[in-house]
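Dear colleague,

Please look it over when you have time.

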Amino acid sequence: MSNFKNAYVVTGSIGSGKSTFVNLLKERGFSVIDADLIAHEQLENSQNEVVLHFGSEILTDKKADRKKLGSIVFNDKNELKWLENLLHLKIKSEIQRQCEIYESYAKPYFVDIPLFFEKQKNYDFDKIIVVYAPKNLLISRVMSRNSLDFIAAKNRVELQMDIEKKRELADFVIDNSKDLQNLDNEVKKFLKRINFDS
C-alpha cells in the first residue's frame, strides 16, 4: 500500500495525449504534480555538472538547451543513463515533497510521470492511469508534433515501453485514440469511477 493514498499517477507514451488529459483535470480544479517540469528545474540546478560532462556546446544563451541535450541522449543509451543517474534522485525527492503537501488536503491529486513504468521501482504509488492510443497513432502524432520523419518518430516511440504493455499494467485506461470531445468524456467517466463527479 502506498503512502500517497490520494495520488493517481498519470502516464502513457510519447504522443498519447497525456498533457491534454492532465489539462482537462486542471480545468476541473485538480492539483497536478508535473515530473517533466520538476526535471527541467533540476536540470537547471545541475547545469554545471551537465556542462562539465557534455561540454559547452549544449548551451544556448548560457542555459542547457534541452533540444541539443535530447539529440545526444536519445542517440546514446550510456549518455541517457548518465543524465538520468544525475537527475533521478533529485526529481524523486521533489515529487515526494509535493505529494506530502497534497496528501494533507485529503482529496485526489495527480502525478504526471511520463516514464513511470520504465522507472517504477523508484516510486511508491499504487493507482496508475495510462492515457492510451495505438502505436501507429502515437508515431503519426510524434511526426507532426516534433516535425520528425517516420523512422525518427518510430525510434522515439520505441525508446519507451510498448503502449500495449502499459495498458495491461494500468489500473485505469483513458482512451485517447479519438478527438478532444471523446477524451473529455473519458475524463468524466474516470471521475465517476473514483466517485468524484465533475
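Why does the largest pocket lie between domain 1 (6–31 + 108–193) and domain 2 (38–106)? Both domains give residues to its lining, so the pocket lies between them. Please keep in mind that this is a predicted model.

The largest pocket

The volume of this pocket is about 1,800 Å³. Its lining is made up of 50 residues, and those nearest the centre are D36, F74, P114, L115 and Q160. Two or more lining residues come from each of helix 1 (18–27), strand 2 (32–34), helix 2 (35–45), helix 4 (66–73), helix 5 (77–103), helix 6 (135–146) and helix 7 (150–158). Helix 5 gives the largest share, with nine residues. Sorted by class, the lining of the largest pocket holds 20 nonpolar, 16 charged and 14 polar residues.

The second largest pocket

The second largest pocket holds about 240 Å³ of space. Among the residues lining it are S71, V73, F74, N75, D76, K77 and L80, along with L148, A152, N155, R156 and L159. At least two lining residues come from each of helix 4, helix 5 and helix 7, and helix 7 has the largest share, three residues. Domain 1 (6–31 + 108–193) and domain 2 (38–106) each contribute at least three residues to the lining of the second largest pocket.

F74 belongs to the lining of the second largest pocket and is also one of the residues nearest the centre of the largest pocket.

Regards

Technical notes. Residues are numbered from 1 along each chain as its sequence is written. This is a predicted model: local features need pLDDT of at least 70, side-chain atom pairs count only at pLDDT 80 or more; totals for chains, interfaces and linings use all residues. Side-chain values use heavy atoms; hydrogens and water are left out. On a 1 Å grid over the protein atoms alone, a cavity is a set of points where a 1.4 Å probe fits but cannot get out, and a pocket is an open set with protein on both sides within 12 Å along at least five of seven lines; lining residues have an atom within 4 Å of a point. Grid points are joined across faces, edges and corners, and a volume is the space filled by probe spheres set on the points. Helices (H or I, at least four residues) and strands (E, at least two) are DSSP runs, numbered from the N terminus. Ala, Val, Leu, Ile, Met, Phe, Trp, Tyr, Cys and Pro count as nonpolar, Asp, Glu, Lys and Arg as charged, and the others, Gly among them, as polar. Domain bounds come from an automatic or database domain assignment.
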